[in-house]
Amino acid sequence: GTSAAGLLDIRDTTLGESVPGVSIHAQILEQILVDRYLNRTVFQDASELAIFIAICFAVFLTLVLFGPITSVLIGGLAGGATFWTSWHLFTMNGILLDVTFPLIAGFVVFFALTVFRFAVLDREKRLIRNSFSKYVAPSILGKIEASGHDLKLGGDMTDVTVMFTDIREFTPLSASMSAQELVALLNELFTDLTAEILDAKGTVDKYIGDSIMAFWNAPVAVENHEHLACISALKMRDRLDAFSRKRVAAGLAPVRMATGLATGRACVGNMGSRDHFNYSVVGDVVNEAARIEAACRRVHYDIVASSDVVSRASGLATLYAGALQLKGVAQRIETYLIVGSGAMAGTKAFQDLVEAHQSLVGKLENGGDASVDIERCRTLANAIDPNLTGFYNVILDNRADFLSQTRLEKSA
């Protein structure tokens with residue numbers, strides 16, 4: 001045959017090439033002579049449709065369950081395997097299986113679902129992350145995102161443990177430095193303290209000047225939240241001690257802090273306007289924790305907790321601090337000093353102090369002479385925590401906190 005362009009026998013093929021018609025005839029004869037044909041049946045049509053459905057379903061499932069990055073990896077592997085199968089069938093068996101449409105369709109489905117997820121489904125998670133990322137630990141934040149916490153005004157009643165911390169003698173401290181220096185000090189100190197709250201699965205409610213308010217067991221439930229709050233307070237004390245040692249080494253005054261803990265029912269949720277709100281907690285337990293923190297000055301100790309906290313946070317080294325009359329609280333609240341962790345509670349030195357302290361409390365409750373017991377407690381306490389000596393130095397001034405109810409009513 002001829003292949004001159006002027007004979008108008010130049011034909012377009014499915015591969016996009018223009019070839020002489022005689023070449024097409026030659027290829028037909030070649031297939032007849034070698035008995036190898038390109039096959040295209042209804043089976044290939046059904047296979048392409050099945051591949052299209054499988055790829056789209058796989059992209060959708062992996063995107064929903066594992067996210068875009070994993071979906072790209074799995075989709076890439078599936079697409080590569082499909083393309084290799086098509087090429088193998090064509091080169092080895094002459095079977096025409098067109099996977100172009102399924103692969104392109106799978107990419108379109110992936111792109112559409114990614115855009116939809118980012119614009120609609122992930123909007124709530126982004127809002128949650130922006131709202132809580134500065135207040136809760138990453139592990140808690142992950143649970144919030146997984147549960148789809150509802151960001152709306154209002155709250156729910158739940159059991160929480162509330163903590164208030166406050167820097168003691170902050171006014172003279174602030175008077176000794178410039179505003180910029182004071183802000184730098186607070187930022188550095190609060191960074192350390194906040195890290196311990198978040199590590200103990202707590203939620204930072206707010207920073208109030210030189211104070212921190214935090215709570216546990218919300219926005220997600222946390223087991224043993226009373227114990228975690230106490231451990232957080234003890235670790236915050238260690239952080240503060242290290243911070244103060246650096247200041248003393250630099251010729252600066254140390255920083256002292258008081259911490260109050262209480263547990264009980266409270267309303268927890270988003271509070272504020274409909275456009276601007278904060279996640280917070282409201283209830284009597286908040287006032288109780290704040291008043292206990294303020295009472296640290298009167299009992300001369302840095303960590304004081306209500307009896308409810310101590311009874312549920314078993315195993316810690318604690319000492320009874322009396323039934324305090326707190327401002328704004330109708331009834332006296334039994335309180336305890338949080339002296340140390342369970343490791344300290346198991347030492348003989350602390351057990352001896354507990355025995356002496358119980359004897360002292362018995363004398364105070366019954367109105368007996370407690371001077372000898374106070375001196376013994378002071379001596380034992382100095383070996384465990386020198387700060388406890390301040391508590392025993394003023395314990396007689398706070399004798400009313402240890403009187404039995406009958407004697408208290410008589411004295412009133």
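User: What makes the crossing of α12 and α13 left-handed?

Analyst: A crossing is left-handed if the near helix is turned anticlockwise from the far one by less than a right angle, and right-handed if clockwise. The pair α12 and α13 falls in the left-handed class. Contact here means heavy atoms within 4.5 Å. On the α12 side, A349, F350, D352, L353, A356, H357, S359, L360 and K363 make it. On the α13 side, the residues are D373, I374, R376, C377, L380, A381 and I384. This is a predicted model, in which local features need pLDDT of at least 70 and side-chain atom pairs pLDDT 80 or more, while totals for chains, interfaces and linings use all residues. Numbering starts from 1 along each chain as its sequence is written, and side-chain values use heavy atoms, without hydrogens or water.

User: Why are α12 and α13 called roughly antiparallel?

Analyst: Their axes cross at roughly 155° and come within 9 Å. The cut-offs are under 35 degrees for roughly parallel, over 145 for roughly antiparallel, 65 to 115 for roughly perpendicular, and oblique for the rest. The crossing angle of α12 (residues 348–366) and α13 (residues 371–384) is roughly 155°, so the two are roughly antiparallel. Axes are lines fitted to C-alpha atoms, for helices over the stretch in contact, with angles from 0 to 180 degrees between N-to-C directions.

User: How do you know whether D373 is buried or exposed?

Analyst: Compare its relative accessible area with the cut-offs: under 20% is buried, over 50% exposed, in between partly exposed (1.4 Å probe, protein chains only). D373 has 12%, so it is buried. D373 lies in helix α13. Beyond its neighbours within four places in sequence, D373 touches S359, L360 and K363.

User: Why does S280 count as buried?

Analyst: Its relative accessibility is 8%, so S280 counts as buried. S280 sits in strand β7 (residues 277–282). With sequence neighbours within four places left aside, its contacts are D205, K206, F215, C267, V268, G269 and M271.

User: What makes the S280 to D205 pair a polar contact?

Analyst: The side chains of S280 and D205 meet at 2.7 Å. A polar contact is a pair of N or O atoms within 3.5 Å; within protein, one must be able to donate a hydrogen and the other to accept it, and residues adjacent in sequence count only if both atoms are side-chain atoms. S280 also has a side-chain polar contact with K206, at 3.5 Å.

User: Why is E169 called exposed?

Analyst: E169 has a relative accessible area of 52%, so it is exposed. E169 lies in the loop between β3 (154–168) and α6 (170–175). Its side chain makes a polar contact of 3.0 Å with that of R256. E169 and M257 are 88 residues apart in sequence and 8.8 Å apart in space, C-alpha to C-alpha.

User: How many helices and strands are there, and what share of residues is buried?

Analyst: The protein has 15 helices and 10 strands. Helices (H or I, at least four residues) and strands (E, at least two) are DSSP runs, numbered from the N terminus. Of the 412 residues, 41% count as buried.
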